[in-house]
Amino acid sequence: MMESAAGIGTILLIILIGGGGLVALGYIVRAALRVGNLATMVARLLKQADYEAETTPKSLSSAEPLLMDRIRRDFPEYNPELIRQRVAADAKTFYESARAGRCLYKEGVSDQLKERLESFLPPDVAGSIRVYKVALSAYDDVSEDRVLTFQAAASFKDPADTTRQRRLILKYLAAWSTDTMTGVKKANCPNCGAPIPAVGSKVCKYCGTALKVWAGTQWLLTDIRED
Ligand SMILES: [Zn+2]
């Protein structure tokens, strides 16, 4: 009698534990499903972030309003709209060169840049090249050289047809009229004929003649790279 009661007790205990186990198992399964849902949600968010990264042009920081006074002091006829168009065209040519696998720039680019461009063209440009916008980010007038730095937001499709968003940095040196064979030409003082070493010179250092030399200036692309 005592033995059988103990036996029933053991069976009940096993059932209880078993039941508890089932409850616990159910809890674990539901928790696992929740983790699964969370993982799915995280994956979905990451995918969405990826998608947005692919479809949203890179942001640019423009300093043009702050720099305009300094630029106009050196270049009274500086036309920000025209030069932005030029920069956008140069940014597009960069990716067209990448697609073609060779330098497609004709004029307005330094010889050094032409020579080394092919070594750092991005290898994954397949097509659909777009330039969204261009922003002036810096103006260097510390030395005699004058250098404008621009950013450009661009995109292209890679060989897998995925859109790639990129930001380009372009640097332009104020130079005298150039020819494609020899690169930068130097100007001469209209009074004594001495060479004027840099665009930033305002006075001939040999005869002291005031120089108004900006008329022949052009902006020479000396550096372009992905940010
Ligand atoms: Zn002179």
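Helices (H or I, at least four residues) and strands (E, at least two) are DSSP runs, numbered from the N terminus. The structure described here is a predicted model, in which local features need pLDDT of at least 70 and side-chain atom pairs count only at pLDDT 80 or more, while totals for chains, interfaces and linings use all residues. Residues are numbered from 1 along each chain as its sequence is written.

The protein has four helices and eight strands. Read from the N terminus, the order of these elements is α-α-α-α-β-β-β-β-β-β-β-β. A residue is called buried if 20 or more other C-beta atoms lie within 10 Å of its own, exposed if 12 or fewer do, and partly exposed in between, with C-beta atoms placed from the backbone. On that count, 15% of the 227 residues of the protein are buried. Two residues are in contact if their C-beta atoms, placed from the backbone, lie within 7 Å. Among the contacts in the protein with a separation of 6 or more, 62% are between residues 24 or more positions apart.

The sheet comes next. Two strands pair if DSSP finds at least two bridges between them. Four strands make up an open sheet with antiparallel pairing, in the order β1-β2-β3-β8. The edges are held by β1 and β8, each with a single partner strand, so one side of each has no neighbour in the sheet. Direction ignored, neighbouring strands of this sheet are turned by 25° against each other on average. Helix α3 packs on the sheet and touches β1, β2, β3 and β8. Its direction makes about 130° with that of β1; for such angles, axes are lines fitted to C-alpha atoms, for helices over the stretch in contact, and the angles run from 0 to 180 degrees between N-to-C directions.

Within the sheet, strand β2 (residues 147–157) and strand β3 (residues 163–175) run antiparallel and are joined by eleven bridges. Ser155 stands opposite Gln165 in β3. On the other pairing of β3, eight bridges link it in the antiparallel sense to strand β8 (residues 218–226). Here Leu173 stands opposite Leu220 in β8, and Leu170 stands opposite Ile224 in β8.

Phi of Asp161 is near 70°, a positive value in a residue other than glycine. Asp161 counts as exposed because it has 9 C-beta neighbours inside 10 Å. Ser128, in strand β1 (residues 127–140), is not a glycine either, yet has a positive phi of about 50°. With 14 other C-beta atoms within 10 Å, Ser128 is partly exposed.

The last topic is the core. A nonpolar core is a set of buried Ala, Val, Leu, Ile, Met, Phe, Trp, Tyr and Cys residues joined through C-beta atoms within 7 Å. The largest one has 26 residues, of which Ala91, Phe150, Ala152, Ala154, Leu168 and Leu170 touch the most other members. Two or more residues each come from α3 (80–100), β1, β2, β3 and β8. The most are given by β2, with six residues. Leaving out residues up to four places away in sequence, Ala91 touches Val131, Val134, Ala152, Ala154, Leu168 and Leu170.
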